[in-house]
Amino acid sequence: MSKFWSFTAGALSGALVGGVATLLFTPKSGEDLIADAEARWNAAVDEANRAKEEKQRELEMEFQAAKRP
C-alpha cells in the first residue's frame with residue numbers, strides 16, 4: 001500500500017508545482033486567465049450539451065423505428 005501513497009503524494013506534488021509554475025510564467029493577468037478559462041469551460045459545456053441532444057434525438061428515432069412492426 002505504500003507504493004500507492006507514494007504515487008498519490010508524487011502526483012499531488014507534481015500538480016501543485018505545475019499549477020504554481022503555470023501561474024508564475026503565464027503571460028496574462030489573473031483576471032484574463034480566469035476569463036479565458038471560463039470561456040473555454042462554457043464552450044466545452046455547450047458542445048457537450050449539443051452532442052447530448054443530438055445523440056438523444058438519434059436514439060429516440062432508433063427507438064421509434066424499433067417500435068414499428
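A residue counts as buried when its relative accessible area is under 20%, as exposed when it is over 50%, and as partly exposed in between, using a 1.4 Å probe and protein chains only. By that definition, helix α1 is hardly covered, since the count of buried residues among its 24 residues is zero. The structure described here is a predicted model, in which local features need pLDDT of at least 70 and side-chain atom pairs count only at pLDDT 80 or more, while totals for chains, interfaces and linings use all residues. Residues are numbered from 1 along each chain as its sequence is written, and side-chain values use heavy atoms, with hydrogens and water left out.

**Overall form**

- The secondary structure of the protein chain comes to two helices and zero strands; helices (H or I, at least four residues) and strands (E, at least two) are DSSP runs, numbered from the N terminus.
- The radius of gyration of the protein chain is 22 Å, well over the 11 Å that the globule rule gives for 69 residues, so the chain is more spread out than a compact globule.
- This radius is taken over C-alpha atoms, and the globule rule is 2.2 Å times the number of residues to the power 0.38.
- Along the principal axes, the C-alpha atoms of the protein chain fill a box of roughly 60 × 40 × 10 Å.
- Ser 6 and Arg 68, which are 62 residues apart in sequence, are 58 Å apart in space, C-alpha to C-alpha.

**Surface of the chain**

- Of the 69 residues of the protein chain, 0% count as buried.
- The accessible surface of the protein chain comes to about 6,400 Å², and 64% of it belongs to carbon and sulfur atoms.
- Accessible areas come from the Shrake-Rupley method with a 1.4 Å probe; for residues, only the protein chains shown count as cover.

**Helix α1**

- Helix α1 covers residues 2–25.
- At 1.5 Å a residue, the 24 residues of α1 should span 34 Å, and this agrees with its end C-alpha atoms, which are 34 Å apart.
- The expected span of a helix is 1.5 Å times one less than its number of residues.
- Ser 6 is found in helix α1 and is exposed, with a relative accessible area of 52%.
- Ala 15 also has its place in helix α1, and it is exposed at a relative accessible area of 52%.
- Leu 23, found in helix α1, is exposed with a relative accessible area of 59%.
- The C-alpha atoms of Leu 23 and Trp 5 are 27 Å apart in space, with the two residues 18 residues apart in sequence.

**Nonpolar patch and aromatic pair**

- Leu 16, Val 20, Leu 24 and Phe 25 form a nonpolar patch on the surface, with about 480 Å² of accessible area together.
- Patches are made of residues with over 30% relative accessible area and no salt bridge; like charges are joined within 9 Å, and nonpolar side chains (Val, Leu, Ile, Met, Phe, Trp, Tyr) within 5 Å.
- Phe 25, a member of this patch, is exposed, with a relative accessible area of 70%.
- Rings of Phe, Tyr and Trp (its six-membered ring) pair if their centres lie within 6.5 Å; planes under 30 degrees apart count as stacked, over 60 as edge-to-face and the rest as tilted.
- By this rule the count comes to one aromatic pair.
- The rings of Phe 4 and Trp 5 have centres 5.0 Å apart and planes at 70°, so the pair is edge-to-face.
- Phe 4 is partly exposed at a relative accessible area of 45%, whereas Trp 5 counts as exposed at 53%.

**Loop between the helices**

- Thr 26 lies in the loop between α1 and α2 and is partly exposed, with a relative accessible area of 21%.
- The C-alpha atoms of Thr 26 and Val 45, 19 residues apart along the chain, are separated by 25 Å.

- The structure holds one salt bridge, defined as a side-chain nitrogen of Lys or Arg within 4 Å of a carboxyl oxygen of Asp or Glu.
- The side chains of Lys 55 and Glu 58 meet in this salt bridge, at 3.4 Å from N to O.
- Lys 55 and Glu 58 are separated by about one helical turn, because they are three residues apart in helix α2 (residues 30–67).
- An α-helix has 3.6 residues a turn, so residues three or four places apart point the same way.
- Lys 55 counts as partly exposed at 41% relative accessibility, and Glu 58 counts as partly exposed at 34%.
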